[in-house]
Amino acid sequence: MANPTMPPMPPMLGYVVQGSLNSPAVPFVRISQGLHAITTISPSNPADGSYWFVILDANNPVNKVKEFIVPGSSGNTAVPSGLDTYMSNPAYLFAVVTQSLSNAYVPQGDLYDYLVAHGAGRELQRLEALNTHSGCGTISRASYVLSGVGGPPNTVGTSYEAASSNYPAQLVMSLMPLPSGKPPYSLCNSYTFWTR
């Protein structure tokens, strides 16, 4: 029974972020506004063995504002130039998604610290532990997803992560507007779907 003192939740958007584990799969963000109103966003120039940093407009999440595609073999230690302009701004939603990434190239150094400052935690730590403690070739691929609302590093924000060495990492969530039903959107740990 609905609480008469609480207004109903405004309609949310379905939100899925999926990495890839093996080629030729490509990572994507999928946003649904109804059963047949689905937008899929993927890298403009997908590359195996890479990180895809995608920035979405928090006022209109189907709008890809910017993306950075960084090779894991040469870019797993540094924060991409220009990325912080977007990830530190609450006007944007972000997703960090891997594509067929070798477990040898999980984040290290400054990139690891930066992801932690934006909400990475146990899921990324698990991949790091597998990288450190597994024998060579035991774990060949890692799939990782981190998504959240932009904001200054190390502030209380909303971000979620998923990781796997067995299948493509996947976040299944919702995008929630303000109580008025108007944007900007933020992430919500619930499922939005339509059956008819």
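Which residue is the bridge partner of V16 in β10? It's V172, and the views below start from there. This is a predicted model, where local features need pLDDT of at least 70, side-chain atom pairs count only at pLDDT 80 or more, and totals for chains, interfaces and linings use all residues. Residues are numbered from 1 along each chain as its sequence is written, and side-chain values use heavy atoms, with hydrogens and water left out.

**View A. Strand β1 and its two partners.** β1 covers residues 13–18 (strands are DSSP E runs of at least two residues, numbered from the N terminus). Of its 6 residues, 5 are buried (under 20% relative accessible area, 1.4 Å probe, protein chains only). On the β2 side, V17 sits opposite V29.

**View B. Charges over rings.** R30 puts its charged end over the ring of F28, 4.2 Å from the centre. K66 does likewise over the face of F68, at 5.5 Å from the ring centre. The rule wants NZ of Lys or CZ of Arg within 6 Å of the ring centre and within 35 degrees of the ring normal.

**View C. Q99 tucked into its surroundings.** Q99 belongs to β6 (residues 92–99) and counts as buried because its relative accessibility is 4%. Its side chain reaches the backbone nitrogen of A47 at 3.3 Å. Q99 also touches other residues, among them S20, P27, P43 and D48 (heavy atoms within 4.5 Å).

Definitions and conventions: Buried < 20%, exposed > 50% of the residue type's maximum accessible area, 1.4 Å probe, protein only. Helix = DSSP H or I, 4+ residues; strand = E, 2+ residues; numbered from the N terminus. Pairing = 2+ DSSP bridges. Polar contact = N/O pair within 3.5 Å; in protein donor to acceptor, adjacent residues only side chain to side chain. Lists of a residue's contacts leave out its neighbours within four places in sequence.
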